[in-house]
There are 4 protein chains.
Amino acid sequence: MDILLSESIQQIAGKLQSWRRDFHQFAESGWFEFRTATVVADELHCLGYSLKMGKEVIKADARMGVPPEQALQAQEQRAIKQGALTAWLPHFSGGFTGIVATLDTGKPGSTLAFRVDMDALDQNEAQTHRHLPYAEGFSSCNANMMHACGHDGHTAIGLGLAHILKKYESQLTGKIKLIFQPAEEGTRGAKSMVEAGVVDDVDLFIAIHIGLGVPQGELVCGSDNFFATTKIDITYRGVAAHSGAKPEEGKNALLAATHATLGLHAIAHHSEGSSRINVGVLRAGIGRNIIPDHALMKVETRGKTNEINEFVYHQALNIIDGAAKMQGVEYEIALMGAAQSSPPSPAWVDFIYQQAQQYIPELSSVVKSRQQSAGSEDATYFMERVKANGGQATYLIFGAELSAGHHNERFDFDENVMTTAVKTLATIALHLPYFDAT
Amino acid sequence: MDILLSESIQQIAGKLQSWRRDFHQFAESGWFEFRTATVVADELHCLGYSLKMGKEVIKADARMGVPPEQALQAQEQRAIKQGALTAWLPHFSGGFTGIVATLDTGKPGSTLAFRVDMDALDQNEAQTHRHLPYAEGFSSCNANMMHACGHDGHTAIGLGLAHILKKYESQLTGKIKLIFQPAEEGTRGAKSMVEAGVVDDVDLFIAIHIGLGVPQGELVCGSDNFFATTKIDITYRGVAAHSGAKPEEGKNALLAATHATLGLHAIAHHSEGSSRINVGVLRAGIGRNIIPDHALMKVETRGKTNEINEFVYHQALNIIDGAAKMQGVEYEIALMGAAQSSPPSPAWVDFIYQQAQQYIPELSSVVKSRQQSAGSEDATYFMERVKANGGQATYLIFGAELSAGHHNERFDFDENVMTTAVKTLATIALHLPYFDAT
Amino acid sequence: MDILLSESIQQIAGKLQSWRRDFHQFAESGWFEFRTATVVADELHCLGYSLKMGKEVIKADARMGVPPEQALQAQEQRAIKQGALTAWLPHFSGGFTGIVATLDTGKPGSTLAFRVDMDALDQNEAQTHRHLPYAEGFSSCNANMMHACGHDGHTAIGLGLAHILKKYESQLTGKIKLIFQPAEEGTRGAKSMVEAGVVDDVDLFIAIHIGLGVPQGELVCGSDNFFATTKIDITYRGVAAHSGAKPEEGKNALLAATHATLGLHAIAHHSEGSSRINVGVLRAGIGRNIIPDHALMKVETRGKTNEINEFVYHQALNIIDGAAKMQGVEYEIALMGAAQSSPPSPAWVDFIYQQAQQYIPELSSVVKSRQQSAGSEDATYFMERVKANGGQATYLIFGAELSAGHHNERFDFDENVMTTAVKTLATIALHLPYFDAT
Amino acid sequence: MDILLSESIQQIAGKLQSWRRDFHQFAESGWFEFRTATVVADELHCLGYSLKMGKEVIKADARMGVPPEQALQAQEQRAIKQGALTAWLPHFSGGFTGIVATLDTGKPGSTLAFRVDMDALDQNEAQTHRHLPYAEGFSSCNANMMHACGHDGHTAIGLGLAHILKKYESQLTGKIKLIFQPAEEGTRGAKSMVEAGVVDDVDLFIAIHIGLGVPQGELVCGSDNFFATTKIDITYRGVAAHSGAKPEEGKNALLAATHATLGLHAIAHHSEGSSRINVGVLRAGIGRNIIPDHALMKVETRGKTNEINEFVYHQALNIIDGAAKMQGVEYEIALMGAAQSSPPSPAWVDFIYQQAQQYIPELSSVVKSRQQSAGSEDATYFMERVKANGGQATYLIFGAELSAGHHNERFDFDENVMTTAVKTLATIALHLPYFDAT
């Protein structure tokens, strides 16, 4: 079978590349993946997958960091001009750009889910011939949107995997779910899919990422140490006043933000593990001689465990509230993103490790575990839900040579990682009956 | 009459000095004036004044900055050892060390009140032969108590005035009230006498001070620009924790105090006039490796007007409250003192000015007005009450040569100011019928 | 003469209105007054005044808050399209948009200078028919530039005065200088003209403003209480780092700005008079999960006297520097504007008061003095220089009915104030020989 | 041999108890261990050990947190009254209260060092019959000094071990050094002994502690995770001024301390491991209406590694310096204590583990490693020096039942731990030839 599988995958190598480059060129940031989602939906539909989309798989009020309605509409129009398949668009309209494709073999067996993410970053792409996507003509045509984290590759891998699994359907058991998630950047999208119940029936779960500093040819079967995180925007609203003529009439939103900033950075360390806090952005005031009547703060908390992140976040709420009271100003907190910590399931990692070592000779190295550097990933929401229901979950990293680090304007990856990933994931699915999940 | 009056006063010059030196030697801080009060009461009683004392003239819960019960008892015992007249002591026990002596002429006329204060400062006196009270053997025998502001002289002047007015009683009209107030330092005592109603029947009011930078021989008839002030102690109470082992379990009272301190100093300026804020003392924590669970702050606000001081104080309350909420700690605020702003009554100042110029040749200079430097005085409580009832009030300064500034450990004054003061005040009382208060 | 003068002025009333409306329509912000300056220069040249312009009257490095070169060039192009008289433009190119017109009578006498300002504010004008400039079709055609403070009227008054003085040249003595200043808003321009020496030969100086809350028909002969001010932009530059992965590698510019903000607002009050401090704008950071590597603060200090403002400014410099050191970041301070305090010269105010009362029946009220509310004006630089050289100076306010307050998007004024102003100023010039300046 | 050893130790059980109770009763805080040191020296001398003491084993300027000379003298007098052996006292005078006793077997072999500490804590002992030391009459007779951490037991164990080793000298090889260290509390003493070179010839090193939450009967052979720490006192000195009359003349030491406190608590977390910061004490100002001219801060930094602690400490120095500059005040930093992180040597831990398991049946449990909760210990200075020279080192914990936690006023321990400890340590020494240190 392995030889056949390898051949099958080689046959779609060209497709993987063209999908990836198409998604790269029409890069779309979180909740704006209108064109991408229609392409993905159409492809999966043609393959015969059963699809759920949009509000069926995304709970509206569990979305985080959704752009304003006006921006959503403008981006939907932009997507249409860029070839979005309009038949599918109504499903995704308004920022519901997620898809779940199911393959039900009809045979008994576990339900296995794979999750890939589709969104780009809010940044411009390098315009230089030393940057391959530019040299080869597929760099992003959208200002301030760039696939600088590899999610274009993830989406292509998801589609490639769909092809292969469909082709080998007769050898599969149970059910397979392919989850295409929007808005992973800023950890904004996963929770809304989890709360829509898309993994409530899932026994085994795999999320994937390429690159992340892992060498080309290496597979990490259980990436660990994702930090739980909460991302919030705080807006203080006070009262403006002329700072020379009537200083006593002002209610100073900047002073509130200033106390909050210092208070947040001074939150106590936690003896159970590492935590983080950052006020990454502060914008306040409109004129030199006006007491600032508004201030915006972009803040994130992190913790090695959900409990530690909760501790920091709870402290932060007190600090934000108290700082407002100090200056007599009002405030609002908007939840902009969140992720959890979620260690991979050991037995599931072991199984994947064995499969990869035995069947994927393309891999020069297979390791069980790797500690991330306090990064965050909202795949953890899926993982926690699956584990809470008694299932098992893990997060795979497929090493890839990178032209520049993630989030760099010259980020690019060796596209060969895609076939390796499809083969590995398909192998796991095909060999699933050999896994004793109990 | 003036010649006779001068002679009468010369006859008591020795008494003035011995009273003053006695009070100086047995200096008693605010609410501890047990010995002083008994001496004053006995003297006034012997002269035939009608006395009200203790709780009759001091409203208990309007007192501010009263020391703990234990300290009051210890100081009362100390006073007994130092010759307090125990017959009078019960009136003053517990920190009710005020006296109002009334001389009712039985004749129609205004009610005129004079107010002097009796308390010493919480400081040690210089022990050097260059300091006259030490050289002449009457420096304070009480640790951490010293008459470094001249209130010993004020009390002596009050007694001297009582002597003279009694002697010239037949030439007086209306009623005269002599108010001997405790705890002026820290502006703690006046409000409690005002709220006991001691000036509710007063038409004309004079408070006095010696020194204050005014040259010997000069009289200021209407000292102005006393700032309204509020003095508070803030105690934050959090939860201690080992800063290495369990930092997350602490609730940090020092951080609350720190935010409060910066917030207080950053209170907006007021366009209607000057204000002040000071965190004069901050004490927090017990050990280097313990998260501080308590913090004490000694704070005062000031304002050129009562409204401005209220503005600052109101802002301060928000800041103190918000800072507590930021750290999740509890707090208490204790009112430790307060005074008001109160401009002198112009017609009353004019009358005093004319009397002084005409009848007190000892004065080398008489001026109507003088701006104080944002200092505070709780005589303003009496002044505001008298004016609110339609009366008139002022604050006199009798210039005096000083050996060192007020509140200095080597403070001393030229005792000749006392006879001048008594003569001036007696003259005003005797000539009162010539004043048209309408 | 007064009747003739009145008639002369009525003859130019139409011109005053059309000048003002032209300047209003083509509103130009500070250092961008290219079109305005060419119109003014051409008019004065045609009248026969001797002109100095551009770098002759503006010292380059004493200018403050000059926009970037690119913006200056773009605005110059914009001015050309809007009818700037290109023959004059080279004088003003690069942001040297000041003019001094001199009328030398050849007769002995004082040198009298009048100063008007020409710049608009950085704001949009109301687009509503209830706003007269919009209804009558002369609202600003330039985005983010609006004459919302009346400087369009000042410039028109300056031109009208030039007409009248030229007409009555034979009755004048000494020399007259008409100063047309750029960039008064933000108090950025006056210093550069003073340092170019334009008032070094001036004996008597008058600056004017319309409105400012003074009722229509009232003249204030000596506006007082302008606060000295210093306006600075502070830029902190640190080192960015990922706040989750490598927080220890960052140097946090926002924390520096935060400490600076609290430190600045906590600068001590001054016993000699009022002061002000404001951090009106703070912008820091680019992303939620990046430690901010830059922060911009827009700050101003004020003081009732130059000394008090200097005190606040000196404290501010220490605070800004120390806050940088706390976080190990670099910083730059850019001087964006400055003004001084400068009380009007009493004798000169008296003379103007008498002239106005006697000769300007249009004025329903003439007052000598008026306290401004801690506002600032860079005319004070001229005033201080003139007084330092032994001359006399004052600041006149011509009351005017306003449709909305200064700096409001619906600001407009009753244009009749312009003829009254021209008549008053011309009268002062014509009667100057009666003023005894000694 | 083991049976004989057990018997020998049982014979000195009474001595162990009486030593411990004697040291407990005459508890002496760090650098004040005058009486304790003379008792220890005399005992070791009588046993025939070769002694080095005082300045021979303590480098004067490497001591930290030494009390003022006056306190040292007073405590030396106190010690004399309490029975210090005056013959030995000159060695220790001035706060050089350390002893190193050497037993040179003359046979080849490693040099093995044991370190115990002798100091008490600065706290009062419980005065209640429920507290055994009080009930049995050996609670501390010195105010504000109490053995609440078990160092009295450590010193007794050291003496007991000295007895046994002397008795079994013929079976020993190499050299044994017994180190009696002062001032471990606050991590103040070890560095000065290390810098005097007392372990420069040591191959194998053991420090011990009793209790620390380890159950009675358990031995931890390699306590790990001691945090590196630096303890400093910061004194800011500004200029006092009357906060009402002349606020501008002050230089506010409290504001400097306030900015420093917030800055310190906001030091960035480190991605390589945990860190800590605490401002445990802040005392500033003397009066409510005086701008504070001094402030004292007691601060400590901690880090999981020496590098992390260095990072925090270096940041702290910048913050302290910058905060001073912000307010224009001076400052001094006094180093009050320090310790390092130092993981135990694995092979040495293994050997001890085997010995304890095999030969000490009194131990119900032997574990190799235990993570401390971010506590600090200056034995780490010895450990780091020994390891730097190629030797091996570890830190043993002998579990003990406690009546209350360490540093509690009712702390007491089950004295049986002392015989177990002596037996374990002696066994290690006797079996040392079996350890292959390479």
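Before reading the sheet, I noted that two strands pair if DSSP finds at least two bridges between them, and that helices (H or I, at least four residues) and strands (E, at least two) are DSSP runs numbered from the N terminus. I kept in mind that this is a predicted model, in which local features need pLDDT of at least 70 and side-chain atom pairs count only at pLDDT 80 or more, while totals for chains, interfaces and linings use all residues. Residues are numbered from 1 along each chain as its sequence is written, chains are lettered from A and ligands numbered from 1 in the order in which they are written, and side-chain values use heavy atoms, with hydrogens and water left out.

Entry one, the sheet. I found an open sheet of eight strands in chain B, with mixed pairing and the order S1-S2-S4-S3-S5-S12-S6-S11. Its edge strands, S1 (50-53) and S11 (365-371) of chain B, each pair on one side only. Strand S6 (residues 218-224) of chain B pairs with S11(B) in the parallel sense over six bridges, and there B:Gly222 stands opposite B:Ser369.

Entry two, the annotated site. In an unreviewed entry, UniProt places a "binding site" at A:Cys149, A:His151, A:Glu185, A:His209 and A:His407; such positions are given in the numbering used here, feature names are shortened, and annotations may be inferred rather than shown by experiment. These residues span 259 residues in sequence, yet no two of their C-alpha atoms are more than 14.0 Å apart, so they gather at one spot. I also looked up A:His151, which lies in helix H6 (residues 151-167) of chain A.
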